[in-house]
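Colleague: I have not worked with this one before. Could you take me through it?

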Amino acid sequence: MKHMIFGAALGLASVIAGAGAAQNVGIATSNPGSLFHNIGTAVANAANAGGLNTTIQPATSPNQFIPFVNSGGIEFGVANLQEVNYAITGEAWWNGMKNENLRVVAHLQPLVEAIFVRKDSDIMSVADLKGQPMTDGYTAQNTILPQLSAFYSTAGLTRDDVQQVSVASVVAGANAFMAGDTVGFIFAHGAGKVREADAAVGGLRALGVGDASDAALAAAREHWPTAFFMELKAGAMPGVLEDTTYIAFPQVVFTHADASDEAVYQMAKAMYEHAAVMGETFPPMRAFKPENMKGDPGIAEFHPGALKFFEEVGLN
């Protein structure tokens, strides 16, 4: 594994008793506090339990580490499936830069997203954000603006309907909210930063979609094609004060075409056999279902090492 040119490596490698000279691999993640950092840590722990010596290496966002995985600089990454597909084709913010060596290893549990506001505010719906200061910009995390637009579209709004407060990333957006610079911020349910914000302001309200109709979903997919709606029950996560429908997105572990078939096979096998380890590491990953690992990859392809494992266990 080559040295990653961004971020500090957070070592999680552990030698499995009796495993001998286990292969060393790395997983690229977003920065600490983000959902993908938590997920990458959980996947690394499962991989270690399965006999792979695995480290995570954080960066600001997948914008930075996807090209690094594509070039073979590190073996694995965790990201949103739509972002991986855009990276392969060079569409959207990739501005024609194609990352055609990317391959999917496995689907994870869906990423479920909300716009969070203070529980004691008078903002009860996405529509109530009109004219209010909201996080925007996301200069280091290009996925977030179209996801925000998808959310706003379910309430008949656009980004131009709010006062845009520019931030670099979702973590920076949560910090701006806690500092009182905005009335809300977008983040994935289950992330550590959401729990931090919940404690800091005395409670959050997680706003769901303004309209859960098929027409609203079609509007959301104009901004994020793989989006779907998913309901969470009251109390399921911080800020979910009642049964609410949110936007969700498929997310994946991915690799590059030249990655070792054996390493990819072992990664898929470890995730399948040690799902409980992932759930213990990061409780939202208890929603991960091994039987769903071979989901629809969109325009991406599965790596042959993953397909070999799926065939062995009968995942079609």
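Modeller: What follows is a short tour of a predicted model, taken in the order of your questions.

Colleague: Let us begin with the sheet. In what order do the strands of the open sheet come?

Modeller: The open sheet has 5 strands in the order β2-β1-β3-β12-β4, and its pairing is mixed.

Colleague: Which strands stand at the edges?

Modeller: Those are β2 (53-58) and β4 (102-107). Each has a single partner strand, so one side of each is left without a neighbour in the sheet. From one strand to the next, the twist averages 30°.

Colleague: How do β1 and β2 run, parallel or antiparallel?

Modeller: They run parallel, and 6 bridges join β1 (residues 24-29) to β2. As one example of a bridge, Thr-29 has Pro-58 in β2 as its partner.

Colleague: And which strands does helix α1 lie across?

Modeller: Helix α1 (residues 35-49) lies across β1, β2, β3 (76-80) and β12, and runs at about 170° to β2. Helix α8 (residues 261-273) lies across β1, β3, β4 and β12, at about 20° to β4.

Colleague: Let us turn to a single residue. Where is Gln-251?

Modeller: Gln-251 is in strand β12, which covers residues 251-256.

Colleague: Is Gln-251 buried or exposed, and why?

Modeller: Gln-251 is buried, because its relative accessibility is 1% and the cut-off for buried is under 20%.

Colleague: What does its side chain reach?

Modeller: The side chain of Gln-251 reaches two backbone oxygens: that of Gln-109 at 2.5 Å and that of Pro-110 at 3.4 Å.

Colleague: Which residues is Gln-251 in contact with, leaving aside its neighbours within four places in sequence?

Modeller: Among them are Leu-35, Phe-36 and Ile-39, as well as Ala-79, Asn-80 and Leu-81. The contacts of Gln-251 also include Ala-106, His-107 and Leu-108.

Colleague: A change of topic: how many residues of β8 are buried?

Modeller: In strand β8 (residues 184-188), 5 of the 5 residues are buried.

Colleague: Which residues are on each side of β8?

Modeller: Gly-184, Ile-186 and Ala-188 are on one side, with Phe-185 and Phe-187 on the other, and both faces are covered. In a regular strand, side chains alternate between the two faces of the sheet.

Colleague: How many bridges join β5 to β8?

Modeller: There are 5 bridges between β5 (residues 111-118) and β8, and the two strands run antiparallel. Opposite Gly-184 in β8 stands Val-117.

Notes:
Residues numbered from 1 in each chain as written. Predicted model: local features only at pLDDT ≥ 70, side-chain atom pairs only at ≥ 80, totals over all residues. Heavy atoms only, no water. Helix = DSSP H or I, 4+ residues; strand = E, 2+ residues; numbered from the N terminus. Buried < 20%, exposed > 50% of the residue type's maximum accessible area, 1.4 Å probe, protein only. Polar contact = N/O pair within 3.5 Å; in protein donor to acceptor, adjacent residues only side chain to side chain. Contact = heavy atoms within 4.5 Å. Pairing = 2+ DSSP bridges. Axes fitted to C-alpha atoms, helices over the stretch in contact; angles between N-to-C directions.
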